[in-house]
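User: I would like to go through this structure with you, one topic at a time. Could we start once it is on the screen?

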Amino acid sequence: MSSLTFSVLFVAFLGLSLVVRFWLASRHIRHVLGHRAAVPAEFAEKIPLAAHQKAADYTVARTKFGLVTLLVNAAVLIAFTLLGGLQWLSSLLLAWTGGPDMWYQVGLVAVFGFISGLVDLPFDYYRQFKLETRFGFNKMTRGLFFADLLKQTALGMALGLPLLWVVLTLMEQAGSLWWFYTWLVLSGFQLLMLVLYPSVIAPLFNKFTALDDEGLRHRIESLMQRVGFASKGLFVMDGSKRSAHGNAYFSGFGAGKRIVFFDTLLARLAPHEIEAVLAHELGHFKLKHITKRIVVMFAISLGFLALLGYLKGQVWFYTGLGVNPLLFGSNDAMALILFMLVLPIFTFLLSPLSSLSSRKHEFEADAFAAQHTNAQDLVSALVKLYEDNASTLTPDPLHSAFYDSHPPASLRISHLNLAPRTAAQ
């Protein structure tokens with residue numbers, strides 16, 4: 001392939017993805033606003049009109065803001081590639097380091113990441129302190145926002161830079177199968193993070209306390225016994241210091257699994273509703289959804305690394321994206337950056353496949369919850385969460401198919417209403 005051909009393909013796919021994204025967003029906005037005037041019939045007795053309209057306005061505001069960030073990100077992408085931004089950055093670092101050694105390689109990725117973070121920062125700030133505040137969801141102070149940013153940066157450097165060094169060393173010295181050895185390293189690192197996250201990383205950002213409601217604890221432990229789930233503990237997370245949104249999840253791996261409730265969730269739901277929500281989350285575990293997702297993720301990452309193994313040796317891959325590869329030195333860092341930049345462009349149209357798989361798992365987890373708790377408890381919990389999180393009840397179906405990992409509220413609840421009643425109900 002010639003560099004010109006690849007440049008044309010890149011621009012064509014970028015333009016196509018922008019057109020499709022804007023088309024989907026415009027459909028979504030029109031659909032949500034078109035149903036803003038009245039609560040859907042199946043929710044009319046459960047959700048007030050004011051809450052429904054707030055959800056519509058919140059959805060439209062987030063979608064419009066997403067379009068702005070999309071345009072900026074596209075402009076930044078073009079600036080880094082075809083307009084020579086990465087080429088300029090590479091030349092600057094070569095002058096500083098004196099040559100294309102490992103310090104240059106690591107520095108190129110690190111500086112690129114730093115610049116990308118600076119570009120994202122104003123949007124993250126606006127999202128938190130303007131958009132979320134406007135709809136009453138933001139509970140975070142500016143001090144906490146920047147403290148989190150510093151912690152995330154320090155953590156990223158502490159974990160990411162050594163890992164990057166290992167990956168670049170493998171790319172340079174491990175021969176033609178470097179991508180397979182790199183896959184082994186990255187897979188091992190991701191599994192290690194699953195183990196370390198609950199007890200080491202998450203407490204850096206939030207406070208976790210043992211669930212002290214004995215009645216709720218007994219109910220949950222009874223549920224876990226029924227479904228055969230062993231947990232290292234039940235914890236409450238102080239999510240309210242950042243957001244009014246509520247959630248529950250379990251994290252960890254092997255014997256280190258722990259169940260975590262946002263304090264906002266516990267404050268909003270009744271004990272039987274919390275039990276139903278947890279049964280849904282446990283369904284993901286018992287039905288091996290998490291294991292399946294990890295396996296699929298590892299398989300996809302192996303395929304992408306193999307593709308990168310091919311592309312990094314192709315001159316047109318660099319020149320087609322505005323970079324002149326080094327003739328006497330390693331281009332591995334540049335190949336990594338370019339691959340991370342363009343991969344989402346070429347894979348965007350496959351997004352519905354991921355959403356379809358995720359939705360299938362959500363239906364299955366709902367069915368599991370209906371088998372072990374009262375399905376109507378999960379319905380009432382979901383309705384409250386949709387209301388509290390200002391999640392629209394009327395998404396555009398096509399937009400939802402592309403972007404939403406969970407089924408629309410009406411479909412999800414209709415499935416639960418048809419669920420067979422069990423002894424638990």
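This is a predicted model: local features need pLDDT of at least 70, side-chain atom pairs count only at pLDDT 80 or more; totals for chains, interfaces and linings use all residues.

User: Which strand is joined to β3, and by how many bridges?
Analyst: β3 is joined to strand β4 (residues 258-262) by four bridges, and the two run antiparallel. Within β4, Val260 is the bridge partner of Tyr249.

User: On to aromatics. How many aromatic pairs are there?
Analyst: The count comes to 23 aromatic pairs. One of them joins Tyr58 and Phe137, with 5.0 Å from centre to centre and 55° between the planes, which makes the pair tilted.

User: Where do Tyr58 and Phe137 lie in the chain?
Analyst: Tyr58 belongs to helix α2 (residues 49-80), while Phe137 is in the loop between α4 (102-134) and α5. The two are 79 residues apart, and the pair links distant parts of the chain. Tyr58 counts as buried because its relative accessible area is 2%, under the 20% limit. Phe137 is buried as well, with a relative accessible area of 1%.

User: What about Tyr125 and Phe145, and why is that pair called edge-to-face?
Analyst: The planes of Tyr125 and Phe145 are at 85°, with ring centres 5.7 Å apart, so the pair is edge-to-face. The angle cut-off for that class is over 60 degrees. Tyr125 sits in helix α4 and Phe145 in helix α5, and this pair also links distant parts of the chain, 20 residues apart. Tyr125 is partly exposed at 25% relative accessible area, whereas Phe145 is buried at 11%.

User: Which residues form an aromatic cluster?
Analyst: One aromatic cluster is formed by Phe6, Phe13, Trp316, Phe317, Tyr318 and Phe346.

User: Which charged residue lies over the face of Phe137?
Analyst: That is Lys54, at 4.7 Å from the ring centre of Phe137. In another such contact, Arg142 places its charged end over the ring of Phe129, 4.7 Å from the centre.

User: Changing topic: how many salt bridges does the whole structure have?
Analyst: A search of the whole structure finds 15 salt bridges. Among them is the one between Lys312 and Asp332, whose closest N and O atoms are 2.9 Å apart. Lys312 is in the loop between α10 (289-311) and α11 (315-319) and Asp332 is in helix α12 (residues 332-347), so this pair ties together parts that are 20 residues apart in sequence. Lys312 counts as partly exposed at 21% relative accessibility, and Asp332 counts as buried at 5%.

User: And Glu362 with Arg412: are both buried or exposed?
Analyst: Both Glu362 and Arg412 are buried. Their side chains meet in a salt bridge with an N to O distance of 4.0 Å. Glu362 lies in helix α13 (residues 351-372) and Arg412 in helix α16 (residues 409-417), so the pair ties together parts that are 50 residues apart in sequence.

User: What stands out about the backbone at Lys288?
Analyst: Lys288 has a positive phi of about 65°, although it is not a glycine. Most residues other than glycine have a negative phi. Lys288 is in the loop between α9 (271-286) and α10, and it counts as exposed at 53% relative accessibility.

User: What is the phi of Ala390, and is that residue buried or exposed?
Analyst: Ala390, also not a glycine, has a positive phi of about 55°. It lies in the loop between α14 (375-388) and α15 (397-403). At 2% relative accessibility, Ala390 counts as buried.

User: Last topic: which residues make a nonpolar surface patch?
Analyst: Leu177, Phe180, Tyr181 and Leu184 make a nonpolar surface patch of about 350 Å². Leu177 is placed in the loop between α5 (142-173) and α6 (178-201). It counts as partly exposed, with 42% relative accessibility.

Key
Residues are numbered from 1 along each chain as its sequence is written. Side-chain values use heavy atoms; hydrogens and water are left out. Patches are made of residues with over 30% relative accessible area and no salt bridge: like charges are joined within 9 Å, nonpolar side chains (Val, Leu, Ile, Met, Phe, Trp, Tyr) within 5 Å. Accessible areas come from the Shrake-Rupley method with a 1.4 Å probe; for residues, only the protein chains shown count as cover. Buried means under 20% relative accessible area, exposed over 50%, partly exposed in between (1.4 Å probe, protein chains only). Rings of Phe, Tyr and Trp (its six-membered ring) pair if their centres lie within 6.5 Å; planes under 30 degrees apart count as stacked, over 60 as edge-to-face and the rest as tilted. A charge sits over a ring if NZ of Lys or CZ of Arg is within 6 Å of the ring centre and within 35 degrees of the ring normal. Two strands pair if DSSP finds at least two bridges between them.
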